[in-house]
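Please read the following note with the structure open beside you, taking the points in order and finding each element before moving to the next.

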Amino acid sequence: MTRKNNYLYTLMAVAALAVVVAWAQTGLFGLLSPWDAYTVRIMNLCAINIGLGLALNLVNGFTGQFSLGHAGFMAIGAYTVALLAMSPAVKQMNFFMVPLIAPFDKIQISFWAGILWGGLLSAFFGFLIGAPVLRLRGDYLAIATLGFAEIIRVVIINVKGLTNGALGLKGIPVYTNLWWTTAYAGLTVLLMVRLIKSSYGRALKAIREDEIAAQAMGIDVFYHKMLAFVLAAFIAGVGGGLQASLIGSIDPAMYKLPLTFQILLMVVLGGMGSITGTVIAATIVTALMEILRFVESPLTLGAIHLPGIPGMRMVVFSLLLIVVTLFYSHGLMGDKEFSWDLLFSRRTKQGVTQ
Amino acid sequence: MLEIKDLHVHYGGIHALKGISLTVPEGKIVTLIGANGAGKSTTLRAICGLVKPTSGSIVFCGENLVGEKTTTIIKKGITMVPEGRRVFPDLTVHENLILGAYARQDHQAIEEDIKQVNTLFPRLLERRDQLAGTLSGGEQQMLAVGRALMSRPRLLMMDEPSLGLAPVLVQDIFQIIRRINNDGMTILLIEQNAKAALELADYGYVLETGSVALAGTGKDLLADDRVRKVYLGES
Amino acid sequence: MTATEFLQHLANGVSLGSLYALIAIGYTMVYGIIRLVNFAHGDLLMVAAYIAFYGILLFSLPWPLAFIVAVVLTTLIGVTIERVAYRPLRDAPRITVLISAIGVSFLLENLGLVVFGGRSKAFYVPPFFAAINHIGETAVPNLVWFIPLVTVALLLILMHLLYRTRIGMAMRAVARDLDTARLMAIDVDQVISFTFMVGSSLAAIGGLMWGLKFPQINPLMGAMPGLKCFIAAVVGGIGNIGGAVVGGFVLGVGEILLVAFFPELAGYRDAFAFILLILTLLIRPTGLLGERVAEKV
């Protein structure tokens, strides 16, 4: 398999994906989208979760720094996008308790600029938080990042003039569509692949394997950790913004630990340190999240009426996380990656044996 | 007393022991010498169940030890003075000794044995209620040996007892080993200080990268040309 | 603020602080022995509170009996959690165990939602605890002095256990050096189980007192106290029982006084613990009473 061929395959795959996206989003050549709005929404969530999962994997999996602060960065992205993209009229309706402070009450900028600001602001906070906490290791880092996410949330609840407090924001314009989310997921995958194959990626993995040895080899450990952390914060911020604009409303309670837990599940299930694994696991978990909705909704079978059981989905997911950690600690992919070579060589081998 | 046959141990991806066989006869001092990483410590750790062998057999007084828990093995009468002494620094000297007898229920006999250890090492009696972490290196080594004796072992294994001690203390330690052995204790000793160890030991095994390279009585090994060159630093 | 008011706040702070301390001790013991932030520890509070609640409601148990049953069952659950979710990972990287612990915590919380429902329930408060005493002009419910009393009593028992008994000695040995403890013929698994037993029963008692103090119980009630008490343990010096107590008091008194002196910051009360945590980790990572703990390799 030559490099050129691989390049071609990738290009073809991207083109195929673009066709599917176009078809699903708007219909193609008069053919209507084969999927209803609900399915398209799940596809959107899948794509967003792929990006979010990859960002967490960059820090937790590839760099070996266990962060639990993802939800905090998503919140920053979401609130930034909401505040920048909502029209002044909608803002006024939202902020009926405490008025929104200037200049945010008047401005409205384009969605893509809002997303960019969301990512940048989140990255900036990543930098501020990372500077002190990235010196910590293991479980201490986990608790400290969790603590920061919680602080961000508490601040959001309290700074009512900027965030509308616990009431949250409603009526966020829904700009997010499959083009946005697929591009987000695709660019994140591309970025991750390039990063991991670069000398940065090797440095990150060296830090994961043995921080002291990495330091001794001349790797600037802190700089690389910070790079991964800030980059992850940026991606998480953008993802949070896209998600806010998909759902249309946000409130501080959304950004608690369970949100980070969901993303963590994707990373662990896919394999800490595998891009392919996260992509697959994010898709599976997002889909499962919807499929399992039925266990939480009331069910009527003939004469038997079963009430819905809220929380059941998360029971399944927590069990899944425990089982995976206990028995398949490498996840679906371990740290292996998909490649065209792998795909085709396996096929040809099978062909030979058959 | 102890028979090891064709013992293999893997550490992660490393093949640390590649088929070691050795015998420790009752009442004797047997020493393992060899460079760092030759597999000496791994052998001892495998005997007391701290690492699981991949294959091979370890038989102690007719009983198989492979696959047994460390607790069980210690209760059968084997004990080890680990490398670097490893006394419990935030427990008192007395508590360290009591822990050595953790598996035993015969409280009176334990008191007796503590007295005996204190006769062997009078310094430990002086320091009875001091935290073990505050002892000097030599005292800690005494405590580690005393603690090991508290389980009333039949086989005492020692991993580098002279490591990090001043030369005068090293002599003391070797004298103590001799004394314990004279009282009837079987001893399996690992030493960097090959000369002293071979002079003391009845039998010696030279380990090289996970295999037994040479074996013989202490005297024979001391006289062996290769041993003299490589391990005794003579030309 | 008058002196009376201040005393009242202080009494509340001490009461809350000793409750934090009690829960923090469980964290610190488990961390000391297997270096694990037992995320599920806080959720045991909730489990204990619900068992007592249903014991009284469904089985009409007298409250002291319901409380005892709650402690016993919660302890069993705590030990089972270690056996099932942590022990198989004894040789795994620490982060793997941490993930398992996070999983267990979410499992307990969501099982709680499924089994008990999401709506808060009113916890039964025996009249004795609610009765108010007047010390001078300060009005103090019995519970306010009762909680510190329980904490001190349990602390004394714990100290006796740790420093005067065989198993306590073994626990201290295992906490320091697993392999050497094994060489002493100490059954490490058994000692760790025992540690979880002690820790979980303290969490259960903490949960019951939490229920008495804040008599609205819900399946997520353990999450925030859990995190805060872990923070208390870190602030005091993790792995150190005395440190957990000091950390608990610093956090409890600090929280109450913060709100008392700066009412406008009341909304930030939950952030106080985390800010304290981050300051501690940056300025004195070993905690107030902690010594340098070497990373286990």
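This is a predicted model: local features need pLDDT of at least 70, side-chain atom pairs count only at pLDDT 80 or more; totals for chains, interfaces and linings use all residues.

1. Two packed helices are described by the angle between their axes and the distance between the axes. The crossing of helix 1 of chain C with helix 6 of chain C is left-handed.

2. The residues that make this contact include C:Ala11, C:Val14, C:Ser18 and C:Leu22 on helix 1 of chain C, and C:Val144, C:Pro148, C:Thr151 and C:Leu158 on helix 6 of chain C. Sorted by class, the contact between these two helices has eleven nonpolar and four polar residues, with no charged residues.

3. Turning to the contacts between chains, 30 residues of chain A are in contact with 32 residues of chain C. On the chain A side, helix 6 (138-158), helix 12 (257-270) and helix 15 (312-327) each supply at least two residues, and the largest share, twelve residues, comes from helix 6 of chain A. That side of chain A divides into 21 nonpolar, seven polar and two charged residues.

4. Chain B also meets chain C, with 21 residues of chain B in contact with 14 residues of chain C. Helix 2 (70-75), strand 6 (78-81) and helix 3 (93-100) of chain B each give two or more residues to this side, which by class has twelve nonpolar, five polar and four charged residues. Of the two pairs of chains in contact, it is chains A and C that share the most contacts, whereas no contact joins chain A and chain B, whose closest C-alpha atoms lie 14 Å apart.

5. Within chain B, please look for an open sheet of four strands in the order 2-1-4-5, with antiparallel pairing. Its edge strands, each pairing on one side only, are strand 2 (14-24) and strand 5 (63-64) of chain B. Two bridges join strand 4 (residues 55-60) of chain B to strand 5 of chain B, and B:Glu63 in strand 5 is the bridge partner of B:Phe60. Helix 1 (residues 40-47) of chain B packs on the sheet and touches strand 1 (2-11), strand 2 and strand 4 of chain B, its direction making about 70 degrees with that of strand 2.

6. A last point concerns confidence: chain A averages a pLDDT of 88, and 94% of the residues score at least 70. Over residues 348-354 of chain A, however, pLDDT stays under 50, and for this stretch the model has zero contacts beyond four places in sequence.

Methods
Residues are numbered from 1 along each chain as its sequence is written. Chains are lettered from A and ligands numbered from 1 in the order in which they are written. Two residues are in contact if their C-beta atoms, placed from the backbone, lie within 7 Å. Ala, Val, Leu, Ile, Met, Phe, Trp, Tyr, Cys and Pro count as nonpolar, Asp, Glu, Lys and Arg as charged, and the others, Gly among them, as polar. pLDDT is the predictor's confidence in each residue, from 0 to 100. A crossing is left-handed if the near helix is turned anticlockwise from the far one by less than a right angle, and right-handed if clockwise. Two strands pair if DSSP finds at least two bridges between them. Axes are lines fitted to C-alpha atoms, for helices over the stretch in contact, and angles run from 0 to 180 degrees between N-to-C directions.
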